[in-house]
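Take a look at it first, and then we'll walk through a few spots together.

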Amino acid sequence: MIADHYDVVIIGGGPVGMALSLALRQTNVSSILLEARGIPENDEDPRPLALSYGSQLILEKLGVWRNLSRITAIKTIHISNRGVFGETVLTSDDADVPALGFVVNYHDLFCAMHQHLIENDSDYIAGAAVTRLETTKNQGKVFFTYQDQERTIHAKLVVLADGGQLAKQIPDFTYTVHDYQQWAIVANIQAAQKQAGIAYERFTSDGPVAMLPNADNFALVWTVSPSAVKEIIAQDEQTFLTNLHQHFGDRLGKLVHAGKRSAFPLSLKYATTTTAQRAVLIGNAAQTLHPVAGQGFNLGLRDAYELAREIINAPSQSLDIGSSAMLSKYRQNRKIDSGASRIFTDSLIKIFSNNNKLLQQACGLGLSTLDCIPSLKHFVARRMIFGVRG
């Protein structure tokens, strides 16, 4: 039964939107999650997700972690620059944590969170296509189509976790966009050497190549130029593996098998402000980052968790849920974390993805210097795991 009024309406039923919904369950805050897609089907999505240890702690608090069946721990991150001397190795001991992170399948995480929502009787409406948004000083209005009927919900706060498609309906939300002129190819890779909890990030002039431990094998995220992506996707398996080996190197020995390949374009997109009158952006609606260093989803999960805390604490602080004071507090609390993550990933790409020999040598020296300073390794590892709260 869909009510006419809620404290919070969440638009977008991906993992970030579901995380916020789960964080608000069993509280005095009434909320509903609207998702345009239907019930997820049991099809394989090859995208790997690199979850930080900090994200694992959040998913444990939400009750989701125990429902994930395929989890591979990252104990070590090996960072190098192709053709240049110098490397850095970060370990879980450097950050004083049991693991730096974990690799899960996107579809597995999606289904685990979806199942947990259903089991906890959360207000979750699949197949609800939002058509229009309106916000005033006192409330937000969401217009959507569900089961061939036009419906309207009033709320104190409208949360957009949909990727940003609906944000253009609210004038205060504008975006800065930078096209990296790169594509990411993802696939599961079997190598002669089995994974040992080591994630590899290897920079090349075309962009980084990441090999993440995934069960006994590896999840590939290979950055290529737009002119090369179609050819690489179309290559037969052996040619693909040979080219990948040339880019990645010989650390894993012979690459013997590649699973289904898919590709998507890479860009930096972020909102100039993440809050407006009775509305807030989280996850990909607030920012989309380059996948280097695996910061994007982890940042979005922190968005959801921190917003939930502000919403839950608002009544006890005599602040109205969705008020300008509450949203200003949330925006300021998230500003440093989101800005630092954006600058970090953007800088890595701009500094390391180039053909300038002097800059490449400087990058190699920087990696070697980082590897020799334990306190700096601790700082970098903790920030990658926990954001500014590290």
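What follows is a short tour of salt bridges, cysteines and a cavity.

First, some ground rules: this is a predicted model, where local features need pLDDT of at least 70 and side-chain atom pairs count only at pLDDT 80 or more, while totals for chains, interfaces and linings use all residues. Residues are numbered from 1 along each chain as its sequence is written, and side-chain values use heavy atoms, with hydrogens and water left out.

Let's start with charges. The structure holds 14 salt bridges, each one a side-chain nitrogen of Lys or Arg within 4 Å of a carboxyl oxygen of Asp or Glu. One of them pairs Arg37 with Glu35, at 2.7 Å from N to O. Are these two residues buried (under 20% relative accessible area), exposed (over 50%) or partly exposed (in between; 1.4 Å probe, protein chains only)? Arg37 is partly exposed at 43%, and Glu35 is buried at 6%.

Another salt bridge joins Asp108 and Arg70, whose closest N and O atoms are 2.8 Å apart. Asp108 sits in helix α4 (residues 106-119) and Arg70 in the loop between α2 (53-61) and β4 (72-74), so this pair ties together parts that are 38 residues apart in sequence. Those labels come from DSSP runs numbered from the N terminus: helices are H or I with at least four residues, strands are E with at least two. Asp108 is buried at 18%.

Now find Arg334, which forms a salt bridge with Asp303 at 2.9 Å between the closest N and O atoms. Arg334 belongs to helix α8 (residues 324-352) and Asp303 to helix α7 (residues 296-313), so to speak a link between distant parts of the chain, 31 residues apart. Both Arg334 and Asp303 are buried. Salt bridges with shared partners also bring Arg302 and Asp337 into one network with them.

What about cysteines? A disulfide is a covalent bond between the sulfur atoms of two cysteines; here it is counted when the sulfurs are within 2.5 Å. The structure holds 0 disulfides. Cys363 is buried at 6%, whereas Cys372 is exposed at 62%.

Finally, look at the lining of the largest cavity, which includes Gln193, Tyr200 and Phe218. Its residues divide into 5 nonpolar (Ala, Val, Leu, Ile, Met, Phe, Trp, Tyr, Cys and Pro), 1 charged (Asp, Glu, Lys and Arg) and 2 polar (the others, Gly among them). A cavity here is a set of points on a 1 Å grid over the protein atoms alone where a 1.4 Å probe fits but cannot get out, and lining residues have an atom within 4 Å of a point.

Conventions. 1 Å grid on protein atoms, 1.4 Å probe; cavity = no way out; pocket = protein on both sides within 12 Å on 5 of 7 lines; lining within 4 Å.
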